[in-house]
Amino acid sequence: MSDAEWALVRDLPPVPGRLAGRSGRPEGYRHRQMIDAVRYLVDNGTKWRAMPSDFL
């Protein structure tokens, strides 16, 4: 995902609880990484388990 594309969708994912003043576990993945992984799945039609290790 390019920086220009990310700028358009940056505010769409929910704000993590710990940043919104609520308690909770820290997130294990960044939102941009998750969106990149979903886009990879949609583009390639592969199963989640078959994804390259750099997405996991």
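1. Two residues are in contact when they have heavy atoms within 4.5 Å of each other. Take the contacts in the protein chain between residues at least 6 apart in sequence: 35% of them join residues at least 24 apart. Keep in mind that this is a predicted model.

2. Now the overall make-up. The protein chain has two helices and zero strands. It has 56 residues, and 12% of them count as buried. The accessible surface of the chain comes to about 4,800 Å². Carbon and sulfur atoms account for 53% of that surface.

3. Look at Arg32. This residue is found in helix H2, which covers residues 31-44. Is Arg32 buried, partly exposed or exposed? Its relative accessible area is 24%, so Arg32 is partly exposed. The cut-off for buried is under 20%, and exposed means over 50%.

4. Which residues does Arg32 touch, leaving aside its neighbours within four places in sequence? Arg32 is in contact with Met1, Ser2, Asp3 and Trp6. Arg32 and Val9 are 23 residues apart along the chain, and their C-alpha atoms are separated by 9.1 Å.

5. Met34 is also worth a look. Met34 is found in helix H2. Its relative accessible area is 31%, so Met34 is partly exposed.

6. Where does Met34 belong on the surface? Met34 is part of a nonpolar patch there, together with Tyr29, Val38, Val42 and Trp48. The residues of this patch have about 490 Å² of accessible area together. A residue needs over 30% relative accessible area to join a patch, and Met34 has 31%.

Technical notes:
Residues are numbered from 1 along each chain as its sequence is written. This is a predicted model: local features need pLDDT of at least 70, side-chain atom pairs count only at pLDDT 80 or more; totals for chains, interfaces and linings use all residues. Side-chain values use heavy atoms; hydrogens and water are left out. Helices (H or I, at least four residues) and strands (E, at least two) are DSSP runs, numbered from the N terminus. Buried means under 20% relative accessible area, exposed over 50%, partly exposed in between (1.4 Å probe, protein chains only). Patches are made of residues with over 30% relative accessible area and no salt bridge: like charges are joined within 9 Å, nonpolar side chains (Val, Leu, Ile, Met, Phe, Trp, Tyr) within 5 Å. Accessible areas come from the Shrake-Rupley method with a 1.4 Å probe; for residues, only the protein chains shown count as cover. A salt bridge is a side-chain nitrogen of Lys or Arg within 4 Å of a carboxyl oxygen of Asp or Glu.
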